[in-house]
Amino acid sequence: MSNTVHFQARGRTVVGCTLLVIALGASVTACTGDDDNPLTAAPYDAAGQISFNGPTDAGKKADPDKPLEVVAEGADGRITDVTAVDAAGRYVAGELSADGARWHSTSPLAAAARYTVRVSTEDGDGAPGRKVLTFETGRPSAKKTLDVAFGPEAGAYGVGQPLTAELNQPVRDKAQRAIVEGALKVRSTPAVEGAWHWVDDKKLHYRPREYWPAHATIEVSSALEGIKIGDRMWGGAAKPLRITTEDHVVAVTDAATHTLTLFQDGREVRQIPVTTGKPGFETRNGVKVVLGKEPFVRMRSSTVGIAEGSSESYDLPVYFATRVTWSGEYVHAAPWSVGSQGSANVSHGCVGMSTANAEWFFGAVQEGDLVEVVNSGGETMESFGNGFGDWNLDWNRWRTGSALTGGAPEAGGTAEQARLRPQGV
């Protein structure tokens with residue numbers, strides 16, 4: 001606690017002219033002609049009108065575990081405004097009591113940071129006071145560091161690519177999650193509405209309300225470094241990430257018509273005859289994001305739980321394989337089923353096409369592009385855990401996974417529904 005200086009405020013008078021100045025800026029001269037008016041005076045040094053619980057002596061450091069507090073001294077003086085910001089530009093949230101007697105911080109301080117606190121006051125006559133205070137915070141004696149790793153890797157992606165944030169420590173408490181989430185900053189050019197969603201205690205995904213704009217620049221960074229998150233847990237450094245988007249590419253597979261239609265920036269580019277999953281192995285409906293491209297994959301039925309030697313077993317060399325789930329769903333060349341492509345569904349869940357068409361598709365799409373499956377008898381693509389099924393949650397459901405929005409649905413929102421139709425085409 002710093003030394004406290006007490007100040008005896010002067011008697012209060014009516015200051016209705018203050019409101020007039022604010023409401024009628026053009027009439028300021030009506031309120032400035034009186035040399036005795038307190039509003040004409042330069043702000044006085046309010047050091048004696050307040051007390052502050054931070055250290056002001058050289059070399060002393062504040063405990064970052066303790067909140068800041070500024071208190072008005074004397075019966076007639078009051079605090080009108082307080083701002084606290086560190087050298088990195090991070091503001092400290094706070095609350096000012098209705099009577100102006102006390103301000104206290106409501107967000108954590110950063111460790112090993114230098115803060116500037118600007119306090120505005122008013123004495124009993126309405127004359128304004130100002131005081132600027134500076135202090136430094138120390139380092140916590142014992143701590144765990146919460147590090148954040150952003151994904152995907154820097155580069156160019158399709159408009160369906162979510163951002164990810166991987167934490168090295170679990171965060172379960174909702175208040176702590178709000179601190180973490182509030183410090184993860186996403187900026188896109190052009191700007192779009194978006195939100196984080198907690199997938200589990202150590203992973204968050206971020207996506208816009210709709211798909212990213214084509215040819216956008218997206219930057220994500222963390223302001224967590226030095227911020228207290230919980231008992232002995234402090235934010236660590238995080239490497240910022242910058243990605244860009246390419247054309248708006250969506251491949252719509254209709255299992256009922258046995259076709260895949262690729263749209264680029266809303267224009268139909270090509271329609272390809274395909275086969276999808278047969279009964280018992282139906283292709284998942286819904287929106288999937290391209291995870292990667294593999295020129296050659298050896299596909300074995302045993303990896304998806306089909307016993308070797310059974311009537312459904314297979315062991316095949318597969319070319320031009322575009323992956324859309326981690327469990328093994330691809331869009332790929334299937335020369336053995338050309339006779340059924342365009343007319344029947346005979347695969348074990350993948351979307352199969354001729355080698356020539358698969359090679360063309362392989363070159364036409366990239367990681368982050370969208371593959372939507374409609375009219376299949378399969379379940380809807382999982383939201384998480386098997387790739388990026390993030391787009392299969394409607395916006396209201398997505399927002400329930402944010403610690404900041406609190407799960408409150410937006411006005412006029414609709415119930416979740418599977419997105420089993422082309423989106424943004």
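Predicted model: local features only at pLDDT ≥ 70, side-chain atom pairs only at ≥ 80, totals over all residues.
Start with the big picture: the protein chain has 4 helices and 28 strands. Of its 425 residues, 44% are buried. Now think about who touches whom. If you take the contacts with a separation of 6 or more, 66% of them link residues 24 or more positions apart.

Five strands, in the order β22-β21-β20-β28-β23, form an open sheet with mixed pairing. Which strands stand at the edges? They are β22 (267–273) and β23 (286–289); each has a single partner strand, so one side of each is left without a neighbour in the sheet. From one strand to the next, the twist averages 20°.

What holds strands side by side in general? Strands of a sheet pair through backbone hydrogen bonds, and they can do this in a parallel or antiparallel way. For an example here, find β20 (residues 249–254) and β28 (residues 370–374): they run parallel, and 5 bridges join them. To see one of the pairings up close, look for A251, whose bridge partner in β28 is V371.

Next, find helix α3 (residues 355–364). This helix lies across β20, β21 (259–264), β22 and β28, and it runs at about 145° to β22. Which of its residues are buried? In α3, N357, A358, F361 and F362 are. Seen down the helix axis, the buried residues fall within an arc of 140°, so they line one face of α3. An α-helix has 3.6 residues a turn, so residues three or four places apart point the same way.

Finally, let's visit a loop. V346 sits between β26 (330–333) and β27 (351–353). Is V346 buried, exposed or something in between? Its relative accessible area is 33%, so V346 counts as partly exposed. Leaving aside residues up to four places away in sequence, V346 touches T275, T276, K278, S337 and S340.

Conventions: Residues numbered from 1 in each chain as written. Heavy atoms only, no water. Pairing = 2+ DSSP bridges. Helix = DSSP H or I, 4+ residues; strand = E, 2+ residues; numbered from the N terminus. Axes fitted to C-alpha atoms, helices over the stretch in contact; angles between N-to-C directions. Contact = heavy atoms within 4.5 Å. Buried < 20%, exposed > 50% of the residue type's maximum accessible area, 1.4 Å probe, protein only. Arc of directions from axis to C-beta.
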